[in-house]
Amino acid sequence: MTNMRFGVVVFPGSNCEQDVVHALRYLGHTADYVWHQDTNLAAFDAIVLPGGFSYGDYLRCGAVARFSPVMEAVSAYANEGRPVIGICNGFQILTEAHLLPGALLRNSGLKFICKETPMRVEKSNCKWLDLPEGTVLHIPINHNEGNYFCDPETLKSMEANGQIVLRYCNEDGSRSVDGSAPNGAMDDIAGICNERGNVFGLMPHPERVTDSLGGNNGTDGAAFFTAIAAYVKGA
Amino acid sequence: MKQYQIFVTGKQGIFDPAGKTAQNALDNLGYTGIEDLKIGKFIQLSCEDSVSLDTVTEMCEKLLANPIIEDFRIDEVGQ
């Protein structure tokens, strides 16, 4: 077991930080909360921005949290090539902070969606995943604004740079012609990384399928936290 | 005292499901001739006279709008 120390950032309105900390400790890692006013991340091997409704999702999801004092430290940390993952609202914060390209719009069906969803692993340079291309994972999504959008040039360059990490798909890993994303996401995108592959954002909640006692089926979410630990400790 | 009115709307081509739904509802009510309906945000900013249009533009670019998905227009209005 490769253990490492995760910092889990808590913004006012975050609500998945305890699930993340539980999942990480369950996997044998050390996990500590980091208050959004803190600015020292030196002690951590990786940073997690958890899900929730930071600042009530007012204005735009993640728009206000992105200016929390901790975010300057997170940017510096990410720019050093150190691992950062943003889950759900954390993903929205990373796009607002321009640490990841694009934006997350309201779900196309105007409904909040909470359900276990199949998604496939794409060929990417993401350091948070080490699974063969085409592997189908089942991870719950739980959001109102998960409809990924970016301009066509950005999409093209992300594709070319191996930045598209996860795509929503059908049970057998195929993608429907009219889209497999339950939220209308462009190109069925569920998760993307930056060019270096150290910053990863995804709408699904891997922390909810890490401990099989959590009430959800499976442990597909553990793969992300295990892969990054192997990467950090092996580097 | 000065007041700025800021209109934030989705960029051309950004899917606006709320606007589409309202448009369909008007359609169902029998209103004809509507080509498009967009729903955006209206922000009213009251401030000291010293706050310039440039500063408000900067506020929009930095926080109040997301230039990746939104356009904004600022009107300076009376007191």
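**Before you click**

Residues count from 1 along each chain as its sequence is written, and chains are lettered from A, ligands numbered from 1, in the order in which they are written. Because the model is predicted, local features need pLDDT of at least 70 and side-chain atom pairs count only at pLDDT 80 or more, while totals for chains, interfaces and linings use all residues.

The predictor gives the complex an ipTM of 0.86 and a pTM of 0.94. Chain B averages 94. In chain B, 99% of the residues score at least 70.

**Stop 1: the sheet of chain A**

Select the strands of chain A. Strands here are DSSP runs of E with at least two residues, helices are runs of H or I with at least four, and both are numbered from the N terminus. Nine strands make an open sheet in the order β2-β1-β3-β4-β11-β10-β9-β6-β7 (chain A). The pairing is mixed; two strands pair if DSSP finds at least two bridges between them. Go to the edges: β2 and β7 (136-143) of chain A each have a single partner strand, so one side of each is left without a neighbour in the sheet. From one strand to the next, the twist averages 25 degrees.

Two strand pairs deserve a click:

- β1(A) and β2 (residues 30-35) of chain A run parallel, over six bridges. Val10(A) has Trp35(A) in β2(A) as its bridge partner.
- β4 (residues 84-87) and β11 (residues 199-202) of chain A are also parallel, with four bridges. Here Val84(A) has Val199(A) as its bridge partner.

**Stop 2: the core**

Is a residue buried or exposed? Buried means 20 or more other C-beta atoms within 10 Å of its own, exposed means 12 or fewer, and partly exposed lies in between, with C-beta atoms placed from the backbone. Select β1 (residues 5-10) of chain A. Five of its six residues are buried, so the strand is largely enclosed by the rest of the structure.

Next, select Val8(A), Val9(A) and Val48(A). They touch the most other members of the largest nonpolar core, which has 76 residues. A nonpolar core is a set of buried Ala, Val, Leu, Ile, Met, Phe, Trp, Tyr and Cys residues joined through C-beta atoms within 7 Å. In soluble globular proteins, nonpolar side chains tend to be buried together.

**Stop 3**

Click Cys88(A), in the loop between β4 and α3 of chain A. Its phi is positive, about 60 degrees, although it is not a glycine. Cys88(A) is buried, with 28 other C-beta atoms within 10 Å.

Then click His98(A), in the loop between α3 and β5 (103-105) of chain A. His98(A) has a positive phi of about 60 degrees too. Which is it, buried or exposed? His98(A) is exposed, with 10 other C-beta atoms within 10 Å.

**Stop 3: chain B**

Three strands form an open, antiparallel sheet in the order β2-β1-β3 (chain B). β2 (41-47) and β3 (70-77) of chain B stand at the edges, each with a single partner strand, so one side of each has no neighbour in the sheet. Seven bridges join β1 (residues 2-10) of chain B to β2(B). Find Val8(B): Lys41(B) in β2(B) stands opposite. Helix α2 (residues 53-64) of chain B lies across β1, β2 and β3 of chain B, at about 150 degrees to β3(B).

Select Phe72(B), in strand β3 of chain B. Phe72(B) counts as buried, with 20 C-beta neighbours inside 10 Å. Its contacts (C-beta atoms within 7 Å, placed from the backbone) include Ile6(B), Cys60(B) and Leu64(B).

**Last stop: where the chains meet**

How many residues does each chain bring to the contact? Chain A gives eleven residues and chain B gives nine. On the side of chain B, helix α1 (residues 17-28) supplies the largest share, three residues.

Terms used
Two residues are in contact if their C-beta atoms, placed from the backbone, lie within 7 Å. pLDDT is the predictor's confidence in each residue, from 0 to 100. Axes are lines fitted to C-alpha atoms, for helices over the stretch in contact, and angles run from 0 to 180 degrees between N-to-C directions. Lists of a residue's contacts leave out its neighbours within four places in sequence.
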